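Please examine the sequence and the model shown below. The paragraphs that follow move from single residues to the arrangement of the whole chain.

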Amino acid sequence: MANETTIKFDDCGHLLCPECGGEYLHIESLDAYAAGSDLDYKFDCREGGMRGGGARFTLWCEFCHAKPILHIQHHKGNTYIFHTGVEGGKR
Ligand SMILES: [Zn+2]
């Protein structure tokens with residue numbers, strides 16, 4: 001996966017910021033989409049790309065102010081969860 005980042009949690013189940021590892025992530029917005037939508041994320045390494053519909057959350061980190069994008073996406077019977085497109089941050 002070229003630009004995707006695996007999500008991480010701490011021992012309490014808090015989702016961690018992919019930029020700084022902080023656990024204070026806020027949900028700024030949510031977009032749900034159908035298969036074939038312009039928002040559908042396409043992996044480079046998957047045959048036929050990633051096309052299944054899903055949801056995209058824009059998050060905001062209270063520690064470093066980055067805006068990671070969290071995807072939950074369906075493809076051929078599997079559901080994937082990953083980050084892409086971190087904006088901002090202090091690093
Ligand atoms: Zn952060």
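Lys76 counts as exposed because it has 10 C-beta neighbours inside 10 Å; a residue is called exposed if 12 or fewer other C-beta atoms lie within 10 Å of its own, buried if there are 20 or more, and partly exposed in between, with C-beta atoms placed from the backbone. The model is a predicted one, in which local features need pLDDT of at least 70 and side-chain atom pairs count only at pLDDT 80 or more, while totals for chains, interfaces and linings use all residues. Residues are numbered from 1 along each chain as its sequence is written.

Lys76 lies in the loop between β4 and β5. Strands such as these are DSSP runs of E with at least two residues, helices are runs of H or I with at least four residues, and both are numbered from the N terminus. Although Lys76 is not a glycine, its phi is positive, at about 50 degrees. Most residues other than glycine have a negative phi. The turn that holds Lys76 belongs to a hairpin of β4 and β5, with two residues between the strands.

His65 is located between β3 and β4, in a hairpin that has five residues between its strands. His65, too, is not a glycine, yet it has a positive phi of about 65 degrees. Is His65 buried, exposed or partly exposed? His65 is partly exposed, because 14 other C-beta atoms lie within 10 Å.

The strands on either side of these turns may now be considered. Strands of a sheet pair through backbone hydrogen bonds, either parallel or antiparallel. In this model, two strands are said to pair if DSSP finds at least two bridges between them. Strand β3 (residues 54-61) and strand β4 (residues 67-75) run antiparallel and are joined by five bridges; Arg56 has His71 in β4 as its bridge partner.

Along the sequence, by contrast, the chain reads β-β-β-β-β, with five strands and zero helices.

One further loop residue deserves attention. Glu19 is placed between β1 (5-6) and β2 (25-33). Glu19 counts as buried because it has 21 C-beta neighbours inside 10 Å.

Finally, the chain may be viewed as a whole. Of its 91 residues, 20% count as buried. Two residues are in contact if their C-beta atoms, placed from the backbone, lie within 7 Å. Among the contacts with a separation of 6 or more, 48% are between residues 24 or more positions apart.
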